[in-house]
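Biologist: Could you walk me through this one slowly? I'm still learning how to read a structure.
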Amino acid sequence: MILVDGHCDTLKEAFKRNIDLDNNCLKFNISSKMNFPILQMMATYISPEEAENGYEITKSVLDYFEIQKEKFGDKIIQVKSKEDIQKLMPEKYGMMLTIENGSAIQGNLKNIDYLYQKGVKMMSIVWNERNDLASGATEKIDTGLTELGKEYIKVLNEKRILVDVSHASEKTFWDTAQISNAPIVASHSCVYNLCEHPRNLKDNQIKQIAKMNGIIGVVYSSGFLNKTEKADIQDIINHIRYIKKLVGIDYVGLGSDFDGLEENHILKRLGGLNDINNLIYELKKEFNNNEIEKIMGENWLRVIGENI
């Protein structure tokens, strides 16, 4: 089995706090002892407040990753290709660079070239608020992709960078689905019918992601898992089961959002990477081994392998 996690904010958190990726205060850290290979998507998140300097901040975070990679070269494998995936083993942590919020390019499509050269393999469009590319999930006036946003999707497709629709508004989602000639993914989202939050996906959106051979990474945030905001691992199981029944087991995976959740949204039995066996234990009660392997990582590997 391999664990593939579609989203965490660990890299940005480590950068902000000037700490190493082996620091035990991080929910995802390379001090954890795992008995199976791991591929972790490492996001550079640009907040709306940082948007004006988004590109420079992004470059600084990616430079910080290079320092960490050099310091822990015996533990970190940066995944840039299908061949790199074959190198993964329990003693090493596979990491794939991603971008959360297209404000990272500061409105200049040419800046995507640099991110691509640094090995960024997945980029989202927007965060909850509006940016110069699109409307976000919590915007009251939803105008979808801007003209620049439409070009942004095309450039990502050309460079074989996965398009992430987490945090996108409904119209942004559908505009993206219409334009993209590659699968779209929701790296860390849940099911709207189980928890009516604007960050979550409605049934027709889930079906569209499956139709395009993408994936939904179920996020470990109590705020998106149930209406009481007091969630447990069983709520993750509920969302996985729902997606399986709606579109099949091949289109659901994991997207923890480790080191990106507010404290009151962190699950008690799944607060960090060291707790992952608690999730596996609960999955075994309902899913067969083949299904568990797909949920834990094989579905993400399919999408990554076919599209980067």
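Biologist: How many salt bridges does the structure hold?
Modeller: The structure, which is a predicted model, holds 21 salt bridges.

Biologist: Let's take one of them. Which residue does Asp175 pair with in a salt bridge?
Modeller: Asp175 forms a salt bridge with Lys171, and the closest N and O atoms of the two are 3.1 Å apart.

Biologist: How many residues apart are they in helix α6?
Modeller: Asp175 and Lys171 are 4 residues apart in helix α6, so about one helical turn separates them. In general, an α-helix has 3.6 residues a turn, so residues three or four places apart point the same way.

Biologist: And is Asp175 buried or exposed?
Modeller: Asp175 is buried, because its relative accessible area is 12% and the cut-off for buried is under 20%. Lys171 has 38% relative accessibility, so Lys171 counts as partly exposed.

Biologist: What about Asp250, which side chain does that one meet in a salt bridge?
Modeller: The side chain of Asp250 meets that of Lys294, with 2.6 Å from N to O. This pair links distant parts of the chain, as Asp250 is in the loop between α9 and β9, whereas Lys294 is in helix α11, 44 residues apart. Asp250 counts as partly exposed at 27% relative accessibility, and Lys294 also counts as partly exposed, at 22%.

Biologist: Which residue forms a salt bridge with Lys285?
Modeller: That is Glu282, and the closest N and O atoms are 3.2 Å apart. Lys285 is exposed, with a relative accessible area of 57%, while Glu282 is buried, with a relative accessible area of 10%.

Biologist: Switching topic, where is Ser166 placed?
Modeller: Ser166 sits in the loop between β6 and α6, and at 1% relative accessibility Ser166 counts as buried.

Biologist: What is Ser166 in contact with, leaving aside its neighbours within four places in sequence?
Modeller: Ser166 is then in contact with Ser124, Val126, Val185, Ala186, Ser187, His188, Ser189 and Arg199. For Ser187 there is a further detail, in that a polar atom of the Ser166 side chain lies 3.1 Å from the backbone nitrogen of Ser187.

Biologist: Now helix α7, please. Which residues are buried there?
Modeller: In α7, which runs over residues 203-211, the buried residues are Gln205, Ile206, Gln208, Ile209 and Ala210. What covers the buried residues of α7 includes the helices α6 and α9 and the strands β7 and β8.

Biologist: And what follows α7?
Modeller: The helix is followed by Asn213, which has a positive phi, near 65°.

Biologist: Last topic, pockets. How much space lies in the largest pocket?
Modeller: About 390 Å³ of space lies in the largest pocket. It is lined by 18 residues, and those nearest its centre are Trp127, Phe224, Asp257, Gly260 and Glu262. By class, the lining of the largest pocket has 4 nonpolar, 9 polar and 5 charged residues.

Biologist: And the second largest pocket, how much space lies there?
Modeller: The second largest pocket holds about 230 Å³ of space. Of the 20 residues that line the second largest pocket, Ala137, Ala168, Glu170, Pro198 and Asn200 are the closest to its centre. Its lining divides into 7 nonpolar, 8 polar and 5 charged residues.

Technical notes
Residues numbered from 1 in each chain as written. Predicted model: local features only at pLDDT ≥ 70, side-chain atom pairs only at ≥ 80, totals over all residues. Heavy atoms only, no water. Buried < 20%, exposed > 50% of the residue type's maximum accessible area, 1.4 Å probe, protein only. Helix = DSSP H or I, 4+ residues; strand = E, 2+ residues; numbered from the N terminus. Contact = heavy atoms within 4.5 Å. Polar contact = N/O pair within 3.5 Å; in protein donor to acceptor, adjacent residues only side chain to side chain. Salt bridge = Lys/Arg side-chain N within 4 Å of Asp/Glu carboxyl O. 1 Å grid on protein atoms, 1.4 Å probe; cavity = no way out; pocket = protein on both sides within 12 Å on 5 of 7 lines; lining within 4 Å. Points joined across faces, edges and corners; volume = space filled by probe spheres on them. Nonpolar A, V, L, I, M, F, W, Y, C, P; charged D, E, K, R; others polar.
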